[in-house]
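I'd like to walk you through one structure, a few residues and a few helices at a time. Have a look at this first.

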Amino acid sequence: MSDQQHIVSAYDRDLEGVMVAIMKMGGLVEDSILKSAQALETRDLELAAEVRAADKRIDELEEKINDEAARLIALRAPMGHDLRTVLSVIKISGALERIGDYTKNMAKRTAVLAEVQAVNGAPASVRRMAREVEAMLREALDAYVRQDAALAQAVILRDEDVDQMYNSLFRNFLTYMMEDPRNITSCMHLQFIAKNVERMGDHVTSICEQVIYQVTGEMPDDERPKVAGDPYDPASVTED
């Protein structure tokens with residue numbers, strides 16, 4: 001094997017290692033979405049604690065991926081599709097880390113909600129919304145592995161469904177609070193959680209945009225199909 005072939009082979013192995021780490025990180029985030037939503041609905045504080053603990057591993061993987069991507073750029077000077085691949089993994093790992101933060105925040109608010117009056121049916125509705133986002137993430141990562149720009153675009157279009165679910169939940173929370181003031185504390189926490197889940201969907205679409213960029217060399221031209229009139233956009237909670 002020539003020196004040039006050896007360099008290319010080593011680079012391919014390094015790049016494959018980064019992509020494997022992305023998939024591992026994605027699997028952890030998918031698991032956290034489902035577990036945080038389950039903990040919310042069932043008021044399972046042990047499961048919520050498990051989600052919070054898992055966030056550290058997600059953060060560690062992001063740091064590892066970014067360090068390796070920077071090393072690849074510095075040592076291998078990739079070009080064209082290879083450079084897009086390296087740049088994309090940095091963006092994708094950042095989006096996954098942010099989704100992980102949102103699941104951790106859901107878990108933290110679950111502990112608070114366990115101490116106040118339950119709102120019948122509301123946590124289950126939030127869980128359904130979270131399941132939709134998890135399914136979107138699973139397909140986004142599948143598109144990443146398969147380098148399937150068409151699948152990535154299809155996932156982007158599904159974000160509109162998440163927006164509609166969020167807006168419907170917001171209206172329901174208003175109704176619950178007007179019907180019984182004792183629901184106000186619970187509904188406010190649930191509103192923050194629902195908004196966090198909606199933002200998870202936005203980060204999934206960002207991952208899909210990176211897949212499209214990686215495959216085609218261009219970012220999608222069309223703006224994301226957002227449902228008009230987001231009724232409430234509170235600042236997200238990002239406690240340590």
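Let's start with a side chain sitting on a ring: Arg98 lies over the face of Tyr102, 4.7 Å from the ring centre. The rule for that is that NZ of Lys or CZ of Arg has to be within 6 Å of the ring centre and within 35 degrees of the ring normal.

Before I go further, a word on where this comes from. It's a predicted model, so local features need pLDDT of at least 70 and side-chain atom pairs count only at pLDDT 80 or more, while totals for chains, interfaces and linings use all residues. Residues are numbered from 1 along each chain as its sequence is written, and side-chain values use heavy atoms, with hydrogens and water left out.

Now, which residue lies over the face of Tyr166? That one is Lys195, at 4.8 Å from the ring centre. Lys195 belongs to helix α6, and with a relative accessibility of 4% it counts as buried. Buried here means under 20% relative accessible area, exposed means over 50%, and partly exposed is in between, using a 1.4 Å probe and protein chains only. Along the chain, Lys195 and Tyr166 are 29 residues apart, yet their C-alpha atoms are separated by 7.0 Å.

And what about rings paired with rings? Rings of Phe, Tyr and Trp (its six-membered ring) pair if their centres lie within 6.5 Å, with planes under 30 degrees apart called stacked, over 60 edge-to-face and the rest tilted. By that rule, the count of aromatic pairs is zero.

Let's zoom out. Take the contacts with a separation of 6 or more: residues 24 or more positions apart account for 85% of them. Contact, by the way, means heavy atoms within 4.5 Å.

How do the helices sit against each other? Two packed helices are described by the angle between their axes and the distance between the axes. The axes are lines fitted to C-alpha atoms, for helices over the stretch in contact, and the angles run from 0 to 180 degrees between N-to-C directions.

First pair on my list: α3, residues 80-113, and α6, residues 184-216, pack at about 170 degrees with their axes 9 Å apart. That makes α3 roughly antiparallel to α6. The cut-offs are under 35 degrees for roughly parallel, over 145 for roughly antiparallel, 65 to 115 for roughly perpendicular, and oblique for the rest. The contact of α3 with α6 has 18 nonpolar, eleven polar and five charged residues. Nonpolar covers Ala, Val, Leu, Ile, Met, Phe, Trp, Tyr, Cys and Pro; charged is Asp, Glu, Lys and Arg; the others, Gly among them, are polar.

Helix α6 also meets α5: their axes come within 9 Å and cross at roughly 170 degrees. That makes α5 roughly antiparallel to α6, and their contact divides into 22 nonpolar, five polar and six charged residues.

Then there's α4 with α5, whose axes come within 10 Å, again crossing at roughly 170 degrees. These two are therefore roughly antiparallel to each other, with 17 nonpolar, one polar and seven charged residues in the contact.

Back to α6 for Met200. Buried or exposed? Buried, at 0% relative accessibility. Leaving aside neighbours within four places in sequence, Met200 is in contact with residues including Ile33, Ile99, Tyr102 and Val133. Over in helix α1 there's Glu30, which is buried too, at 15%. Not counting residues up to four places away, Glu30 touches Glu134, Leu137, Arg138 and Leu141.

Last stop, the loops. Arg43 lies between α1 (3-42) and α2 (45-76), with a phi near 55 degrees, a positive value in a residue other than glycine. At 33% relative accessibility, Arg43 is partly exposed. Gln147, in the loop between α4 (122-146) and α5 (149-179), has a positive phi of about 55 degrees and isn't a glycine either. Its relative accessible area is 24%, so Gln147 is partly exposed. Asp148 lies in the loop between α4 and α5, and touches Ala143, Val211 and Val215, not counting residues up to four places away in sequence.

How values were computed
Helix = DSSP H or I, 4+ residues; strand = E, 2+ residues; numbered from the N terminus.
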